[in-house]
Amino acid sequence: MKIFCLLLLATALPSWADPLLHYPRHSRDSEPEAYVAELLQLAVERAPVRYRLQPSAEPMAQSRAQQMLEQHSPHLQVMWAMTTREREQRLLPIRIPIYKGLIGWRISLLRQQDAQLLSQVNNLADLKPLRFGQRHDWPDTPLLRANGLQVVTSPSYSGLFAMLQAQRFDAFPREVVTVWQEQAEARRTGLQLAVDEYVVLHYPSAFYFFTSRQDPQLAEHLRQGLEAAIADGSFERLFQQRHGETLRRARLEQRRVIELENPELPAETPFHRQELW
């Protein structure tokens with residue numbers, strides 16, 4: 001009877017008894033990466049161990065989040081970011097691309113009065129006189145510079161939109177899956193920004209969940225949860241729900257594609273798994 005009661009108690013434990021999984025909040029306002037948090041929720045629901053998700057109390061820079069994971073901080077267990085060789089040496093990647101590779105397709109935000117700025121751009125050389133905005137700790141910053149482009153940086157994600165309006169740089173390349181959402185949010189704050197209609201930058205890349213290298217069990221649980229979400233179709237349904245209309249709006253097949261090299265792409269990137277892309 002005592003064993004039976006203990007088993008009954010264990011199965012009846014409330015959700016607050018599940019271990020917390022802290023992730024970094026992106027911004028104070030509208031969350032441009034709400035899809036990623038939803039995908040993480042799908043993963044933990046299908047993982048062999050249940051977790052409760054908890055965003056950080058304050059917005060956290062990517063560099064700060066990585067530092068906390070490297071130190072195996074009890075206040076952060078998972079982050080998401082574009083992969084690089086250095087990042088995979090410091091953190092443990094779950095090599096299932098969150099955005100199916102679309103993180104490497106970039107459409108630029110421009111000032112409204114400069115909406116035609118890229119209308120005559122046909123190749124990489126045409127982009128070199130322009131200045132591009134990026135946050136200082138994003139992997140895109142050294143990537144753009146490695147391709148010979150001028151980059152102006154800021155430590156503030158939200159500040160980059162104001163810097164574009166103030167003519168501190170000329171274009172702000174954004175992920176195809178978030179650019180219109182970010183434009184709408186900028187307009188709500190009084191900024192007059194336009195989404196370029198002519199060009200898309202492309203470089204091979206992957207956007208992963210990362211954990212501390214000292215927490216391989218968590219990484220394995222998340223991998224299993226994501227694989228289960230792929231297998232049961234919930235990954236694809238969420239992706240289409242969040243991004244299907246945006247991709248149709250982007251008209252990628254009608255844009256001029258400027259190919260960039262990604263010298264920091266790890267050799268282990270799973271391009272052999274076509275279902276992931």
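Modeller: A quick definition to start: buried means under 20% relative accessible area, exposed over 50%, and partly exposed in between (1.4 Å probe, protein chains only). This is a predicted model, so local features need pLDDT of at least 70 and side-chain atom pairs 80 or more, while totals for chains, interfaces and linings use all residues. Residues are numbered from 1 along each chain as its sequence is written, and side-chain values use heavy atoms, with hydrogens and water left out.

Colleague: Is Arg131 buried, exposed or partly exposed?

Modeller: Arg131 forms a salt bridge (a side-chain nitrogen of Lys or Arg within 4 Å of a carboxyl oxygen of Asp or Glu) with Asp170. Asp170 counts as buried, because its relative accessibility is 14%. For Arg131 the relative accessible area is 28%, so the label is partly exposed.

Colleague: How far apart are the closest N and O atoms of Asp140 and Arg106?

Modeller: Both Asp140 and Arg106 are buried. They also belong to a salt-bridge network with Arg174, Glu175 and Glu182. For the Asp140 and Arg106 salt bridge, the closest N and O atoms are apart by 2.8 Å.

Colleague: Which residue forms a salt bridge with Glu185?

Modeller: Glu185 counts as partly exposed, because its relative accessibility is 22%. The closest N and O atoms are 2.6 Å apart, and the partner is Arg188.
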